[in-house]
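Hi there,

Here is the structure I promised to pass on to you. My notes on charged and aromatic side chains follow below it.

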Amino acid sequence: MRLTTRLALIGILVTTLSVPFARAAEPLPDPTGRTVLTVSGNVSETNDATVARFDMEMLKSLGVARVTTSTAWTEGVSVFEGVRLSDVLDRVGASGDTLTAIALNDYSAELPSEDARTWPVILAFSRDGKALSVRDKGPLWIVYPRDDHAELQSETHNGKWVWQLKAIDVK
């Protein structure tokens, strides 16, 4: 491999690896739109006293991911778009073993924080190209890639699919 090619590849690698670290070093801005998610608990980056508040645009700025999967509550296979849970946790500097996901109706479920690292779990904001409304399990719905992993097709994991998600508490 030629020296110039090697140097170019090294430059790309360094740039790619430094982007998440640069984003984490930036202060978390205040939301300019309606807050759709609050992250509290063991977090180092906040924008409102001891919590991190996100509007939809702030979440989308972390990068949009897709999960194509069936669910226990809908017919057929759907394409969900959202932000990776791991990206949200990284952005707020979360440290802890347990996440408590809380819905608008105060339903809550505990998730091991490791789930966000093991699978590409997303906080979905759209299904099949349509924004999720509160009436349709939105504005955020925790979605696991259940069709790609047999171990995710259980009642235990179904209980982690919190819809109408409003908050995550990191313990």
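**A buried arginine, then salt bridges and rings**

Let me start with Arg127, which is found in strand S7, residues 122-127. Please keep in mind throughout that this is a predicted model.

What Arg127 does have is a polar contact of 2.9 Å between its side chain and that of Ser78. Leaving aside residues up to four places away in sequence, Arg127 touches Thr74, Glu75, Ser78, Val79, Phe80, Leu132 and Asp136.

Now for the charged pairs that do meet. The structure holds 6 salt bridges, and I will go through some of them.

One of them joins the side chains of Glu81 and Arg66, at 2.7 Å from N to O. Glu81 belongs to strand S4 (residues 77-84) and Arg66 to strand S3 (residues 65-70), so this pair links distant parts of the chain, 15 residues apart. Arg66 counts as exposed, because its relative accessibility is 60% and the exposed class begins over 50%.

Another salt bridge is formed by the side chains of Arg117 and Asp90, with 2.9 Å from N to O. Here the linked parts of the chain are helix H4 (residues 115-118), which holds Arg117, and helix H3 (residues 85-91), which holds Asp90; the two residues are 27 residues apart. Both ends are partly exposed: Arg117 has a relative accessible area of 43%, and Asp90 is at 42% relative accessibility.

Asp115 and Lys160 also meet through their side chains in a salt bridge, at 3.0 Å from N to O. Asp115 lies in helix H4, while Lys160 lies in the loop between helix H5 (155-158) and strand S10 (165-170), so the pair ties together parts that are 45 residues apart in sequence. Are these two residues buried or exposed? Both Asp115 and Lys160 are buried.

On to the aromatic side chains, where the structure holds 8 aromatic pairs. In one of them, the ring centres of Trp73 and Trp161 are 5.6 Å apart and the planes stand at 50°, so the pair is tilted. Trp73 sits in the loop between S3 and S4 and Trp161 in the loop between H5 and S10, a link across 88 residues. Trp73 is partly exposed at 32% relative accessibility, whereas Trp161 is buried with a relative accessible area of 2%.

The rings of Trp141 and Trp163 have their centres 6.0 Å apart, and because their planes are at 90° the pair is edge-to-face. Trp141 is in strand S9 (residues 141-143) and Trp163 in the loop between H5 and S10, 22 residues apart. At 1% relative accessibility Trp141 counts as buried, and at 30% Trp163 counts as partly exposed.

Which residues do the ring pairs link into a cluster? They are Trp73, Phe80, Trp119, Trp141, Tyr144, Trp161 and Trp163.

Finally, have a look at Lys137. The charged end of Lys137 sits over the ring of Trp163, 4.6 Å from its centre. Lys137 also lies over the face of Trp141, at 5.8 Å from the ring centre.

Best wishes

Technical notes:
Residues numbered from 1 in each chain as written. Predicted model: local features only at pLDDT ≥ 70, side-chain atom pairs only at ≥ 80, totals over all residues. Heavy atoms only, no water. Salt bridge = Lys/Arg side-chain N within 4 Å of Asp/Glu carboxyl O. Helix = DSSP H or I, 4+ residues; strand = E, 2+ residues; numbered from the N terminus. Buried < 20%, exposed > 50% of the residue type's maximum accessible area, 1.4 Å probe, protein only. Polar contact = N/O pair within 3.5 Å; in protein donor to acceptor, adjacent residues only side chain to side chain. Contact = heavy atoms within 4.5 Å. Phe/Tyr/Trp six-rings, centres within 6.5 Å; stacked < 30°, edge-to-face > 60°. Lys NZ or Arg CZ within 6 Å of the ring centre and 35° of its normal.
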